[in-house]
Amino acid sequence: MALFILAQCLACLVQYDSARAFTVQDEREYGKKMLTTIRSEFPLIHELDVTQYLNDLGQDILNVAGSQYFNYHFYVIKNDELNAFAAPSGLIFVHSGLISKTENEGELLSVVAHEIGHVKSRHIAGRSEQAPKLTAATLALILAGMAVGAGPLSEALVMGGMAAGQAMSLKYSREDEEEADREALEFMREMNRDPKNMLSMLNKMHRLYKIRMGNIPQYLLTHPIPRARMNYVEDLINLSSSSNYEESDDFAFNRIQTRINILTGDLEKLKNEYQRLLKVDSAETTEQAFALYGLALVLHEQGRFHEAAGHMKEIMERYKDKSILWTDLGRIYLDAGKNEKALGLFEKNRQTEPANMYNNYYLALALERTGNLIRAEKIYHQIRGHIEDYPPVYKHIARINDQHEKQGYSHYYLGLYYYYNGEFSNSQLHLRKARTELDNEDSKQKNIEDILSRIEEYRS
């Protein structure tokens, strides 16, 4: 049901005059409205280490991509499909299933680079300008199909959209993909990352599509069947001069992939699989190391803190230079009620990685629990300054303001918490209370009106 609501909402949002160009400003406004819809209708994974990893990966690509029209933002949707899609104004969505199924960071990077290629080339704007029969409803259905991922409902949405708009140009759609692939290959070469990872990723998609879609024609898909893209990308690679690409350190990727599996998978099944891998009689491999890491995370989730901490310490012995593991161990201590012990680890990591928002969040949480509310609130505000739409920080800031009997600010930050969490009724309730209790001249009044207006527009 949510998917059809998304299609209807997008149809309402893309109300622009097809006789004029779909400008950069139009795209920015549309992107804001679409993100409001996505927040309400799709489960986003709000974990700072996941968010920061994906945004850092995207920024590495953008550093070689040249000047851009938009500020990019990257999100993970909790969905098992092997899929990612670009939305207007630099919004990139990656499904958790894609991260789980990639074998290395290069494969994931190739997908993100491809989606950045779409945004950089403004393909959504181009569709509206070059295909005047492409109605707002058609574009909405296509975007909804992209959001669903591969599968019968996605095909129905895309096919319905094409029928409504007298069909998009098949050649144009292929040109979009080829241009995005060319951009992605160039980005990867500039980063000295092996573009053959794009081929291996396309091969995974090809195998999946063959299993699921049989002989469905290319024009029923949001992206052409991967086999066609594979041939094109392979030709591009063969035509270019070979290079000795650097081998990447995949620790961060392997860690995030394991975190994603824990956040989205069946804990008992994962535990059994990790234990099976650890029983294999061979020299310790990276796979076994991250099976041990995964087992520590499962035991943490199950409240078996002593065992979890023991396994985490083993991982830390192998990866002594990876300070993020101090944060992981600190989280175990924090949940076990060992606040001071956890605080020491978070403080240690802050000295090493002051810009690590994942560590900073748990440092602030430990400070809050040990009574240092002033410093905790300061760090929470630093986090929201770096990542504006991370919901939990607003809940903590609201709680601290409530303890300081600043009810207007408490309602304001709770309103933001619920808004970024996609719970719009609760957001409206608290923002309206904040509007009443805060001084009319308070700078937050404008933001309250903007968000309430955005919610009302989404619901109309």
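At 10% relative accessibility, Glu-368 counts as buried, where buried denotes under 20% relative accessible area, exposed over 50%, and partly exposed the range in between, computed with a 1.4 Å probe on protein chains only. The structure is a predicted model, in which local features need a pLDDT of at least 70 and side-chain atom pairs count only at pLDDT 80 or more, whereas totals for chains, interfaces and linings use all residues. Residues are numbered from 1 along each chain as its sequence is written, and side-chain values use heavy atoms, with hydrogens and water left out.

The pLDDT, the predictor's confidence in each residue on a scale from 0 to 100, averages 83 over the protein, and 79% of the residues score at least 70. Over residues 1–19 the pLDDT falls below 50, and this stretch has 37 contacts in the model beyond near neighbours in sequence, a contact being defined by heavy atoms within 4.5 Å. The pLDDT is also below 50 over residues 146–172, for which 60 contacts beyond near neighbours in sequence are present in the model.

Helices (DSSP runs of H or I, at least four residues) and strands (E, at least two) are numbered from the N terminus. Helix H18, comprising the 13 residues 357–369, reaches 18 Å from its first C-alpha to its last, close to the 18 Å expected at 1.5 Å a residue, the expected span being 1.5 Å times one less than the number of residues. Twelve of the 13 residues of H18 are buried, so that the helix is mostly covered; among them are Met-357, Tyr-358, Tyr-361, Tyr-362 and Glu-368. The cover over these buried residues includes helices H3 (48–65), H12 (251–264), H16 (324–335), H17 (339–352), H19 (373–386) and H20 (391–403). At the N-terminal end, H18 is capped by Asn-356, a side-chain oxygen of which lies 3.1 Å from the backbone nitrogen of Tyr-358. Just after H18, Gly-371 adopts a positive phi of about 95 degrees.

A salt bridge is taken as a side-chain nitrogen of Lys or Arg within 4 Å of a carboxyl oxygen of Asp or Glu, and by this rule the count comes to 21. Glu-368 of H18 takes part in one with Arg-399, the closest N and O atoms being 3.1 Å apart; the pair links distant parts of the chain, with Arg-399 in helix H20 and Glu-368 in helix H18, 31 residues apart. Arg-399, at 39% relative accessibility, counts as partly exposed.

A further salt bridge joins the side chains of Arg-259 and Asp-49 at 2.7 Å, N to O, and connects helix H12, which holds Arg-259, with helix H3, which holds Asp-49, across a separation of 210 residues. Arg-259 is buried, with a relative accessible area of 4%, and Asp-49 is likewise buried at 5%. Both residues belong to a network of salt bridges that also links Glu-47, Arg-255 and Asp-328. By contrast, the salt bridge between Glu-317 and Lys-320, with closest N and O atoms 3.7 Å apart, involves an exposed Glu-317, with a relative accessible area of 54%, and an exposed Lys-320, at 60%.

Among the strands, S1 (residues 73–77) is mostly covered, with four of its five residues buried. S1 runs parallel to strand S3 (residues 91–95), to which five bridges join it, two strands being treated as paired if DSSP finds at least two bridges between them. Within this pairing, Phe-74 has Ile-92 of S3 as its bridge partner.

Definitions and conventions: A polar contact is a pair of N or O atoms within 3.5 Å; within protein, one must be able to donate a hydrogen and the other to accept it, and residues adjacent in sequence count only if both atoms are side-chain atoms.
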